[in-house]
Amino acid sequence: MRLKSYLTQDIGKMLAKQEQNLKWFALVLGVMSTIATVQDWYPYTMFISLPFCLIWVYCAWLHTERQLKYINIIFSVLYIYGIIRYFLIE
């Protein structure tokens, strides 16, 4: 049990060190998602926006920003629903 706790803490520390890089990557994903929306590149908008939301869920979790966390969880669930629906219908 202790090994799992240490591994979890190490992974958390590693991700915390990469927080700024994750935010820059999220910015790139956000710009790409906006371009995909404007260009009407469905379903790419969902595939690009899901990792964007997941990064912000993690960053909000890291700093206990509850509202940001829950908003992005809701959007992530909606994107997952859309992706599953896309694969089942197409």
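**Reading a helical model**

Mentor: Welcome! Let's start at serine 76, which sits in helix α4 (residues 66–89). Keep in mind that this is a predicted model.

Trainee: Thanks! Is serine 76 buried or exposed?

Mentor: To read this, look at relative accessible area: under 20% is called buried. Serine 76 counts as buried because its relative accessibility is 5%.

Trainee: Which residues is serine 76 in contact with, leaving aside its neighbours within four places in sequence?

Mentor: Setting those neighbours aside, serine 76 is in contact with Leu50, Cys53, Leu54 and Val57.

Trainee: And what lies 2.8 Å from a polar atom of the serine 76 side chain?

Mentor: That is the backbone oxygen of asparagine 72.

Trainee: Now the inside of the model. Which residues make up the largest nonpolar core?

Mentor: The general idea first: in soluble globular proteins, nonpolar side chains tend to be buried together. Here, the largest nonpolar core has six residues, namely Ala26, Leu29, Ala36, Ile48, Ile55 and Cys59. Helices α2 and α3 each supply at least two residues of this core. Take alanine 36 as a case: beyond its neighbours within four places in sequence, alanine 36 is in contact with Trp41, Thr45 and Ile48.

Trainee: What about the outside? Which residues form a nonpolar patch on the surface?

Mentor: Nonpolar side chains can also be found at the surface, and here Trp24, Leu27, Val31, Ile35, Trp41, Tyr44, Phe47 and Phe87 form such a patch. Together they have about 860 Å² of accessible area. Both α2 (19–38) and α3 (44–62) supply at least two residues of the patch, and α2 gives the most, with four residues.

Trainee: Why is valine 31 called partly exposed?

Mentor: Values between the buried and exposed cut-offs, 20% and 50%, are called partly exposed. Valine 31, in helix α2, has a relative accessible area of 44%, so the label is partly exposed.

Trainee: Is the peptide bond from tyrosine 42 to proline 43 cis or trans?

Mentor: The angle to read is omega. For the bond from tyrosine 42 to proline 43, omega is near 5°, and the bond is cis. Proline 43 also lies in the loop between α2 and α3.

Methods: Residues numbered from 1 in each chain as written. Predicted model: local features only at pLDDT ≥ 70, side-chain atom pairs only at ≥ 80, totals over all residues. Heavy atoms only, no water. Patch = residues over 30% accessible without salt bridge, like charges linked within 9 Å, V, L, I, M, F, W, Y side chains within 5 Å. Areas by Shrake-Rupley, 256 points an atom, 1.4 Å probe, with all protein chains shown as cover. Salt bridge = Lys/Arg side-chain N within 4 Å of Asp/Glu carboxyl O. Buried < 20%, exposed > 50% of the residue type's maximum accessible area, 1.4 Å probe, protein only. Polar contact = N/O pair within 3.5 Å; in protein donor to acceptor, adjacent residues only side chain to side chain. Contact = heavy atoms within 4.5 Å. Core = buried A, V, L, I, M, F, W, Y, C linked by side-chain atoms within 4.5 Å.
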